[in-house]
Amino acid sequence: MQVAIDGPASAGKSTVAKIVANKLNFIYIDTGAMYRACTLIAKENGIDYGDESKILTAIDQNPIELKSVDGAQKVFVADKDVSLAIRTPEITANVSQVSALPGVREKMVSLQRHMAGKTDVIMDGRDIGTTVLPNAEVKIFLVASAHSRAQRRLLDYAEKGIHEDLAKIEHDIEVRDYKDSHRKISPLKKAADAIELDTTNMTIEEVTAAIMAKILEKRAK
Ligand code: CDP
Ligand code: CDP
């Protein structure tokens with residue numbers, strides 16, 4: 001079975017996808033982490049975030065891998081654990097530019113489909129239901145108000161020891177959502193057959209239960 005979870009920044013996609021993956025023993029693939037890794041590769045090699053050919057060469061020289069280490073999902077670039085380095089405000093501010101490059105998307109989508117292979121998978125991102133796994137049996141589109149998403153992100157940053165201003169986070173989220181929704185290739189968009197869930201006033205447990213119910217309903221058929 002393939003489960004696709006899409007939606008804007010901090011809607012709760014990865015948190016819920018990880019829980020569902022653990023409960024059902026599915027493979028979880030965080031595609032946002034892959035675009036963040038591409039952005040980190042550009043930064044660490046001093047490459048301009050718009051220079052597609054240099055970024056593609058650098059990605060070939062520094063392979064991106066998602067691995068489960070002691071039950072936790074980790075991101076590696078050239079065998080180095082970059083799970084924390086890809087979550088900084090600088091990477092977050094520039095990832096939309098890198099993820100809009102056609103060659104970068106082509107490379108990541110091909111890698112994502114290869115990783116999904118023939119096993120049960122739950123994948124989250126922006127274009128999973130529309131482009132990466134168009135035949136996914138369950139497609140969920142998670143949304144929440146920009147303000148509540150900013151509050152969630154503020155707490156995430158605080159846990160990592162990063163201090164940011166709430167208004168700035170909210171502004172940055174809106175800018176990124178706009179860029180992700182308006183790019184030419186595979187913009188953030190609800191697939192026609194996706195179920196939309198507004199999580200503004202939902203707990204993680206409630207969102208998890210709603211998605212689990214949809215998956216189990218499909219399985220039973
Ligand atoms: O965790 P957060 O919601 O902040 O973002 P993410 O899921 O880590 O994704 C980071 C960025 O990667 C997004 O803002 C998009 O620019 C890009 N992305 C994408 O273009 N396509 C995907 N399937 C996943 C992420
Ligand atoms: O993957 P995405 O960017 O969509 O969001 P996330 O990283 O899963 O969630 C962002 C933050 O919101 C995390 O700290 C979650 O614990 C929190 N969250 C929440 O408070 N309530 C929800 N219903 C979903 C997520």
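Begin with the second largest pocket of this predicted model, which has a volume of about 340 Å³. Select Phe-26, Ile-27, Tyr-28, Ser-68 and Gln-73: of the 15 residues that line this pocket, these are the closest to its centre. Now colour helix 1, strand 2, strand 3 and strand 4, the elements that give two or more residues to the lining. By class, the lining has 8 nonpolar, 5 polar and 2 charged residues.

Select strand 3 (64-69), strand 4 (72-77) and strand 5 (80-81). They form an open sheet of 3 strands in the order 3-4-5, and the pairing is antiparallel. Which strands are at the edges of this sheet? Strand 3 and strand 5 are, since each pairs on one side only. Between strand 3 and strand 4, which run antiparallel, there are 6 bridges. To look at one bridge, pick Glu-65; its partner in strand 4 is Phe-76.

Go back to strand 2 and follow it into the other sheet. Here 5 strands form an open sheet with parallel pairing, and the order is 2-6-1-7-8. Strand 2 (27-30) is one edge and strand 8 (195-198) is the other, each pairing on one side only. Look along the sheet to see the twist, which averages 20 degrees from one strand to the next.

Zoom in on strand 2 and strand 6 (residues 121-125), which pair in the parallel sense over 4 bridges. Tyr-28 stands opposite Ile-122 in strand 6. Tyr-28 was also on the list for the second largest pocket, among the residues closest to its centre.

Next, select helix 1 (residues 13-24), which packs on the sheet. What does helix 1 touch there? Its contacts are with strand 1 (2-6), strand 2, strand 6 and strand 7 (138-143). The direction of helix 1 makes about 175 degrees with that of strand 6.

Now turn to a pair of helices. Select helix 4 (residues 89-99) and helix 8 (residues 166-182), whose axes come within 10 Å and cross at roughly 5 degrees. Angles under 35 degrees count as roughly parallel, so helix 4 is roughly parallel to helix 8. Show the side chains at the contact: Thr-92, Val-95, Ser-96 and Ser-99 belong to helix 4, while Arg-176, Lys-179 and Asp-180 belong to helix 8. By class, this contact has 1 nonpolar, 3 polar and 3 charged residues.

By class, the lining of the largest pocket has 17 nonpolar, 14 polar and 18 charged residues.

Notes. Residues numbered from 1 in each chain as written. Chains lettered and ligands numbered in written order. Predicted model: local features only at pLDDT ≥ 70, side-chain atom pairs only at ≥ 80, totals over all residues. Heavy atoms only, no water. Pairing = 2+ DSSP bridges. Axes fitted to C-alpha atoms, helices over the stretch in contact; angles between N-to-C directions. Contact = heavy atoms within 4.5 Å. Parallel < 35°, antiparallel > 145°, perpendicular 65-115°, else oblique. Nonpolar A, V, L, I, M, F, W, Y, C, P; charged D, E, K, R; others polar. 1 Å grid on protein atoms, 1.4 Å probe; cavity = no way out; pocket = protein on both sides within 12 Å on 5 of 7 lines; lining within 4 Å. Points joined across faces, edges and corners; volume = space filled by probe spheres on them.
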